[in-house]
Amino acid sequence: MVIDLRRCVGCQTCTIACKQEHALPPGTQWRFVADCEVGEYPDVRRVFLPMQCMHCAEPPCVPVCPTGASRRRPDGIVWVEYDACVGCGYCAVACPYHARHLVHDAPGYFDAPTPSERATGRPGRHGVMTKCTFCKERVDAGRGAGLTPGVDAEATPVCAVACIAGAIVFGDLDDETGRAARLAREQRAVPLMPECGTRPSVYYIAE
Amino acid sequence: MQYSWGSNVSLPILADVARNVRGHFGVMLNRGAARGLGIDDGDLVEIASPTGRTEGRAILREGIRPDVAVVLQQFGHWATPFARDLGMPSLNQVASMDLALTDATGSGADLVPVAIRRM
């Protein structure tokens with residue numbers, strides 16, 4: 001994934017799209033757009049920084065998992081096998097990007113669950129570690145139907161589809177002719193906190 | 001946040017996500033100016049105008065003029081369910097509802113001279 005910070009306006013549409021797609025409870029956000037400032041008044045700039053799981057090639061969250069629930073697929077997606085997770089939280093501590101969210105209890109947004117919350121709630125995700133999945137079910141279903149992630153919306157994570165500015169570009173970074181890989185190369189995209197040695201799969205275009 | 005003419009401020013998910021955007025639930029002050037007034041991030045401050053007063057939490061930012069206090073009113077509804085319980089500093093309490101003060105662009109009396117102090 002390549003995120004073009006020059007295009008992000010901080011609208012949080014990706015945040016809402018993700019919360020809706022994955023029925024995330026109040027207070028839980030697998031991704032969000034941070035509202036940052038660089039500099040001091042009067043020489044100051046506002047920067048919007050979308051944050052999420054970086055789907056690292058060397059994910060520190062995987063080796064610390066005592067049950068093997070924290071995994072990385074060959075295609076690079078880092079995910080949690082909920083049935084094997086005991087919710088110990090080691091992986092959340094290991095992640096330098098604060099991208100993991102342990103939900104013990106999932107109250108709804110109102111006093112009583114709404115019809116849509118009842119329909120979309122995921123009790124199997126309580127007490128286990130949750131995180132951005134790069135919408136792997138959606139990507140897999142799309143790929144299974146012969147679609148290309150990053151090209152066809154039905155095979156692309158909802159944050160990238162929902163972005164009003166086209167700031168989030170998803171695709172196979174190993175496909176050198178693909179849009180994501182080309183953009184990363186041509187615009188000199190950089191990962192966040194490379195000094196952590198995690199080799200993220202999410203790149204940012206800053207200037 | 002997208003405002004939609006107030007029709008979405010009773011949705012708790014909107015307020016939840018709006019917390020990512022600095023400034024929605026308090027009064028934004030220039031960091032250096034606030035320091036001069038002895039105000040820290042998160043302090044409860046009083047906002048007083050010639051005609052009234054309100055209060056809210058201080059949100060310190062660099063990108064605010066030192067002589068201006070900014071109070072976003074997206075969630076500042078006083079009657080709309082959910083939004084009315086958010087405890088927002090209310091512009092209605094400090095700005096007079098007077099046609100003479102109404103501007104030509106936003107049609108709102110949304111500017112008023114105020115004094116700020118830590119409570």
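**From a strand to an interface**

In this predicted model, strand 1 of chain B, residues 27-30, is covered on both of its faces, with B:Val27 and B:Leu29 buried on one side and B:Met28 and B:Asn30 buried on the other. In a regular strand, side chains alternate between the two faces of the sheet. Strand 1 of chain B pairs with strand 3 of chain B, residues 53-61, in the parallel sense and over four bridges, and within that pairing B:Asn30 stands opposite B:Arg61 of strand 3.

B:Arg61 also leads across to the other chain, for A:Glu37 forms a salt bridge with B:Arg61 in which the closest N and O atoms are 3.6 Å apart. Across the interface of chain A and chain B the rule finds three salt bridges, and it finds nine residue pairs in polar contact, counting those with both residues at pLDDT 80 or more. On the side of chain A that touches chain B, helix 1 (13-21), strand 2 (32-40) and strand 3 (43-51) of chain A each supply at least two residues, the largest share, seven residues, coming from strand 2 of chain A. By type, the residues of that side divide into 10 nonpolar, seven polar and five charged.

How much area do chain A and chain B bury between them? The two chains bury about 1,500 Å², with 57% of it on carbon and sulfur atoms. In chain A, the residues that lose the most area to chain B are A:Glu37, A:Tyr41 and A:Tyr109, which together account for 37% of what that side buries. Counted by contact, 22 residues of chain A meet 17 residues of chain B.

How values were computed: Residues numbered from 1 in each chain as written. Chains lettered and ligands numbered in written order. Predicted model: local features only at pLDDT ≥ 70, side-chain atom pairs only at ≥ 80, totals over all residues. Heavy atoms only, no water. Buried < 20%, exposed > 50% of the residue type's maximum accessible area, 1.4 Å probe, protein only. Pairing = 2+ DSSP bridges. Contact = heavy atoms within 4.5 Å. Buried area = accessible area lost by both parts, 1.4 Å probe. Salt bridge = Lys/Arg side-chain N within 4 Å of Asp/Glu carboxyl O. Polar contact = N/O pair within 3.5 Å; in protein donor to acceptor, adjacent residues only side chain to side chain. Nonpolar A, V, L, I, M, F, W, Y, C, P; charged D, E, K, R; others polar.
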